Amino acid sequence: MGTGFTLVEKWIEKNGGTLSQDEVNGMVFVYGDEAYRIEQKAGGDLDVVQTAEKVVVFRNNKHIQDEYTCRICGEQYKNMIDTIRCCMHHDE
Ligand SMILES: [Zn+2]
């Protein structure tokens with residue numbers, strides 16, 4: 001399991017309960033140039049699946065404001081490194 005998987009799983013832990021099944025199913029997560037989807041399994045559990053596509057992210061003004069906010073827990077930081085490391089395993 002790569003870092004992307006781990007981050008999406010943590011996101012689900014933190015935020016999954018507040019969203020409807022339909023919202024979660026349509027969601028795509030981007031980590032670097034990789035994309036992940038959430039799929040609902042037959043039993044109702046959520047599965048994280050890496051998509052085959054390579055991703056190119058175009059940044060805009062909104063994106064820059066979001067840079068210092070952890071996408072998983074919403075904590076705000078003063079620099080990007082602290083933001084990226086928040087909620088990520090430090091041993092990687
Ligand atoms: Zn965080």
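Reader: How do you know how far to trust the model?

Author: This is a predicted model, in which local features need pLDDT of at least 70, side-chain atom pairs count only at pLDDT 80 or more, and totals for chains, interfaces and linings use all residues. Residues are numbered from 1 along each chain as its sequence is written. The pLDDT is the predictor's confidence in each residue, from 0 to 100. The protein averages 84, and 95% of the residues score at least 70. Confidence is lowest in helix H3 (residues 61-66), with a mean of 75, and highest in strand E1 (residues 28-31), with 92.

Reader: What makes a stretch a helix or a strand, and in what order do the elements run?

Author: Both are DSSP runs numbered from the N terminus: helices (H or I) have at least four residues, strands (E) at least two. The protein has four helices and three strands. From the N terminus on, the order is α-α-β-β-β-α-α.

Reader: Why are E1 and E2 said to pair?

Author: Two strands pair if DSSP finds at least two bridges between them. Four bridges join E1 to strand E2 (residues 34-40), so they count as a pair, and they run antiparallel. Phe29 stands opposite Tyr36 in E2, and Tyr31 is opposite Glu34 in E2. The two strands form a hairpin with two residues between them, and Gly32 in the turn has a positive phi of about 60 degrees.

Reader: How do you know that E2 also pairs with E3?

Author: E2 and strand E3 (residues 46-54) share six bridges, in the antiparallel sense. Here Glu34 faces Lys54 in E3. This hairpin has five residues between its strands, and Gly44 in the turn has a positive phi of about 100 degrees.

Reader: What is the order of the strands in the sheet, and what makes a strand an edge strand?

Author: The sheet is open, with three strands in the order E1-E2-E3 and antiparallel pairing. E1 and E3 are the edge strands, as each pairs on one side only.

Reader: Why does the radius of gyration agree with a compact globule?

Author: The radius is taken over C-alpha atoms, and the globule rule is 2.2 Å times the number of residues to the power 0.38. For 92 residues a compact globule would have a radius near 12 Å; the protein has 14 Å, which agrees. Along its principal axes the C-alpha trace spans about 40 × 30 × 25 Å.

Reader: What makes a residue buried, and what percentage count as such?

Author: A residue is buried if 20 or more other C-beta atoms, placed from the backbone, lie within 10 Å of its own. Of the 92 residues, 4% count as buried.

Definitions and conventions:
A residue is buried if 20 or more other C-beta atoms lie within 10 Å of its own, exposed if 12 or fewer, and partly exposed in between; C-beta atoms are placed from the backbone.
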